[in-house]
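Please look over the sequence and the model below. The report that follows takes a helix, some strands and a few loop residues in turn.

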Amino acid sequence: MNVNSSRTSGFYALAAALAVGALVLALVLETPVPSRAANSASASRKIISPQPTAREFSRARFTHPLVVDNRWFPLVPGREFVLNGQVRVGKRMLAHRITSIVTDLKKVVDGIPCVVVWERDFSLGKLQESELFFVAEDDNKNLWLFGEYPAVYNGGRFQGAPETFIAPTFGTQPGIFMYQSPPVGKRYSQAYAPHVKFYDRARVLKTGLKICIPSGCYRNVVKIDEYAPYNPSDHHQLKWYGPGIGTILAKPAGEPHPETVSLAKVTHLGADAMSAARAGVLKTERLAYKTSDAYRQTPPMVRR
């Protein structure tokens, strides 16, 4: 459940991309992953750091990437998460729902077989966004984000997906989605995509928390702050993760369009529902190939 990463839409020409790269380099201690050429030299050896940085990305560390048993974000095929809450649009607070389904599909991204997760956002029951995102787990059970295709809708009509990023196209580099053992104070890159001005970072604020939401109380919770150095006006988003579950609460810290959602239920889809979800995901991918230059450079999804 990506629960709306902060980003700014738009495709940029080469000159703009270079300017954006210069801006990132100016951010103190915020520098993303080095070039693929530098990275390939280390791809032949395993990196055993239990909390790697995005700089340490190496294909050699992904032996069983589709087995996602990360303590804070396990992904079992067929599992569906539903989060309910509100989002502010202008002066109105609208009922908001996020559904996330772990599919039985895989997609090779940047040489790594990735789990395909389908997430949809609804406001007042109407679809606002249908997003595919691609994650894989390394040998230390850290979860990495390799790309997103967030299709935007208005009044039920497709508006485009200008914020799509897929590693390694257009300089996109994967980052850490969730550590297996997140250390308090750790700052890390979640992904870097200069062509859409996406550079989300996170910081582990607290561990061992107990929080209560309408669906129940949870112990040993991790609290993480997410922010976008490119777009400081987006402010921060706070997220709480429960062991063995995933996201249980997300709320803004000064965002211009605040959205607060909490976990309502977790279910496991039956065969018919899973088949319908798979069809929906494949339909979204067909649209992605028609609308995204980055997506067109990737191979199609297949069943695991």
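D272, K283, R286 and K290 are exposed on one side of α3. Exposed means over 50% relative accessible area, buried under 20%, and partly exposed in between, with a 1.4 Å probe and protein chains only. The other group in α3 is buried: M274, A277, R278, G280, V281, T284, E285 and A288. An α-helix has 3.6 residues a turn, so residues three or four places apart point the same way.

What do the buried residues of α3 pack against? They pack against β2 (92-109), β3 (112-123), β4 (126-137), β5 and β15 (302-303). Contact here means heavy atoms within 4.5 Å. Helix α3 spans residues 271-291, 21 residues in total. From first C-alpha to last, α3 reaches 30 Å, close to the 30 Å expected at 1.5 Å a residue. That expected span is 1.5 Å times one less than the number of residues.

## Basis of the model

This is a predicted model: local features need pLDDT of at least 70, side-chain atom pairs count only at pLDDT 80 or more, and totals for chains, interfaces and linings use all residues. Residues are numbered from 1 along each chain as its sequence is written, and side-chain values use heavy atoms, with hydrogens and water left out.

Helices (H or I, at least four residues) and strands (E, at least two) are DSSP runs, numbered from the N terminus.

Strand β8 covers residues 173-178. Is β8 mostly covered or mostly open? It is mostly covered: six of its six residues are buried.

Strand β8 pairs with β5 (residues 143-154) through three bridges, and the two run antiparallel. Two strands pair if DSSP finds at least two bridges between them. L145 has G175 of β8 as its bridge partner. Strand β9 (residues 187-193) is also joined to β8, by two bridges, again antiparallel. There, Q173 is bridged to Y192 of β9.

## A buried lysine and a loop proline

K239 sits in strand β12 (residues 236-242). K239 counts as buried because its relative accessibility is 1%. Its side chain makes a polar contact with the side chain of E226, at 3.0 Å. A polar contact is a pair of N or O atoms within 3.5 Å; within protein, one must be able to donate a hydrogen and the other to accept it, and residues adjacent in sequence count only if both atoms are side-chain atoms.

P229 lies in the loop between β11 (216-227) and β12. P229 counts as buried because its relative accessibility is 18%. P229 and F198 are 31 residues apart along the chain, and their C-alpha atoms are separated by 9.1 Å.

## Backbone points to check

The loop between β7 (165-166) and β8 holds P168. The peptide bond from A167 to P168 is cis, with omega near 0°. F170 is in the loop between β7 and β8 too. Phi of F170 is near 55°, a positive value in a residue other than glycine. Its relative accessible area is 42%, so F170 is partly exposed.

Which phi value does N220 have? Phi of N220 is near 55°, positive although the residue is not glycine. N220 lies in strand β11. At 43% relative accessibility, N220 is partly exposed.
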